[in-house]
Amino acid sequence: MAVLADHSSDGAAQPAVPGRRGSATRATRPSEGEAGHNVLPEGNTEDTLRSQTVSTKLRRIAERAAQNPELVFTALAHLIDVAWLREAYRLTRKDGSTGIDGVTGAEYAANLDANLEDLHGRLRSQRYTAPPVKRAWIEKDDGSKRPLGKPCFEDKIVQRAVAMLLGAIYEQDFHGGSYGFRPGRSPHQALAALRDGCRAENVNWIVDADVSGFFDNLDHGLLQDIIKLRVNDGGILRLTGKWLNAGVLDGEELFHPDRGTPQGGVISPVLANIFLHHVLDEWFERDVKPRMKGRVFLVWFADDFVIGCETESDARRLMAVLPKRFERFKLAIHPVKTRLVEFGKPGLPGSFSRGKDTFDFLGFTHYWDRSRQGYWVIKLDVQHFG
């Protein structure tokens with residue numbers, strides 16, 4: 001399969017319907033447990049008016065992005081004023097773990113007006129420094145440990161402020177098959193979309209793919225270049241660069257990884273989604289689907305994705321080209337976790353019985369089985385990790 005050169009974002013703007021490509025209503029990000037953008041704050045009328053003003057600005061940005069898919073935004077950072085930071089503060093979880101400075105949400109709120117004014121001054125004069133992320137280790141059920149990042153509370157506010165801007169733009173660009181850490185979307189919706197896609201598209205083959213260490217291996221330079229295709233604003237790029245290079249404090253040792261997204265903050269899933277939107281989603285819609293003989297669909301969540309194919313030849317072509325595509329962006333498709341699975345409905349020629357035609361996605365094993373009424377349906381079992 002031929003792979004075309006990536007498209008740039010300059011050129012004439014083309015009108016489009018707002019909310020295209022499966023964009024969803026803004027709501028809480030699953031990993032944050034914070035209020036959604038469309039919820040007005042509790043408190044006095046002044047706070048409500050500030051929130052409405054920020055919401056209006058976000059809506060206008062989203063409308064411009066939807067109406068002009070080729071537009072490159074070059075003037076966004078100036079929108080992050082004190083009112084914008086106050087709204088970002090409102091949307092930031094207050095009871096989370098503290099970062100390296102030990103400042104809690106309650107302590108920051110005790111002198112909120114002065115703190116936000118000072119923060120805005122440092123951002124405006126480019127004196128803001130992104131602090132390193134404090135690393136903690138969480139023990140897993142199998143006895144291994146996974147790292148957990150703890151940003152400083154004030155840095156969470158700045159990350160949220162930038163995430164609000166980027167989200168308003170990219171939610172108009174993202175395709176319907178992406179579900180990871182997007183407002184109004186959940187793993188359950190991804191599972192439902194996968195099940196419905198298998199039935200609607202007459203899927204007989206599944207490409208069950210996994211990106212090796214995606215969040216730890218994402219290339220900083222490539223990420224910044226991809227952001228510039230849509231958001232070429234010096235202030236925003238400086239901040240994302242600071243987060244990418246802020247470092248990680250593990251005990252008494254400070255690391256500065258040259259790859260990977262910052263841990264623990266809201267900006268990490270946003271940056272990851274932007275990267276994979278370009279590397280995977282846009283490529284799949286633009287270059288892959290037109291070249292397939294049968295029907296295909298893509299569903300992905302974070303670094304885990306599934307491609308459903310109607311024909312075996314399409315599935316095998318995808319298995320061959322996926323590693324090459326990701327290699328171009330300094331990533332690798334996991335050689336063991338990525339599998340080609342025959343998933344035709346049982347009873348059809350060439351299909352297998354349950355036990356061979358299963359695959360795992362988002363912690364569930366997918367398989368065909370009879371319903372109580374005797375129809376073939378796709379069922380899910382909780383995945384067991386051994």
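Hi everyone, some housekeeping to start. Residues are numbered from 1 along each chain as its sequence is written. Because the model is predicted, local features need pLDDT of at least 70 and side-chain atom pairs count only at pLDDT 80 or more, while totals for chains, interfaces and linings use all residues; side-chain values use heavy atoms, with hydrogens and water left out.

Now, confidence. The chain averages a pLDDT of 85, and 84% of the residues score at least 70; pLDDT is the predictor's confidence in each residue, from 0 to 100. Over residues 1–42, though, the value stays under 50, and the model has 129 contacts there beyond four places in sequence. A contact means heavy atoms within 4.5 Å. Where pLDDT is low, the predicted coordinates should not be read in detail.

On to the fold. The chain has 11 helices and 11 strands, which are DSSP runs numbered from the N terminus (helices H or I, at least four residues; strands E, at least two). Of its 386 residues, 49% are buried, meaning under 20% relative accessible area with a 1.4 Å probe, protein chains only. Among contacts between residues at least 6 apart in sequence, 72% join residues at least 24 apart.

What about the aromatic rings? A search of the whole structure turns up 10 aromatic pairs. The rings of Tyr170 and Phe174 count as stacked because their planes are at 25 degrees, with centres 6.0 Å apart; the cut-offs are centres within 6.5 Å, and planes under 30 degrees apart for stacked, over 60 for edge-to-face and the rest tilted. Both Tyr170 and Phe174 are buried. Elsewhere, Phe214, Phe215, Phe275 and Phe329 make up one aromatic cluster.

Charges meet rings too. Lys94 lies over the face of Tyr89, 4.5 Å from the ring centre, and the charged end of Arg185 sits over the ring of Tyr179, 4.5 Å from its centre. The test is NZ of Lys or CZ of Arg within 6 Å of the ring centre and within 35 degrees of the ring normal.

Last stop, helix α4. Its 13 residues, 112–124, should span 18 Å at 1.5 Å a residue, and the end C-alpha atoms are 18 Å apart, so the two agree; the expected span is 1.5 Å times one less than the number of residues. Which residues of α4 are buried? They are Leu112, Leu116, Leu119, His120, Gly121, Arg122 and Leu123. These pack against α2 (82–90), α3 (105–109), α5 (153–170) and α9 (234–244). After α4 comes Gln126, with a positive phi near 60 degrees.

Terms used: Buried means under 20% relative accessible area, exposed over 50%, partly exposed in between (1.4 Å probe, protein chains only).
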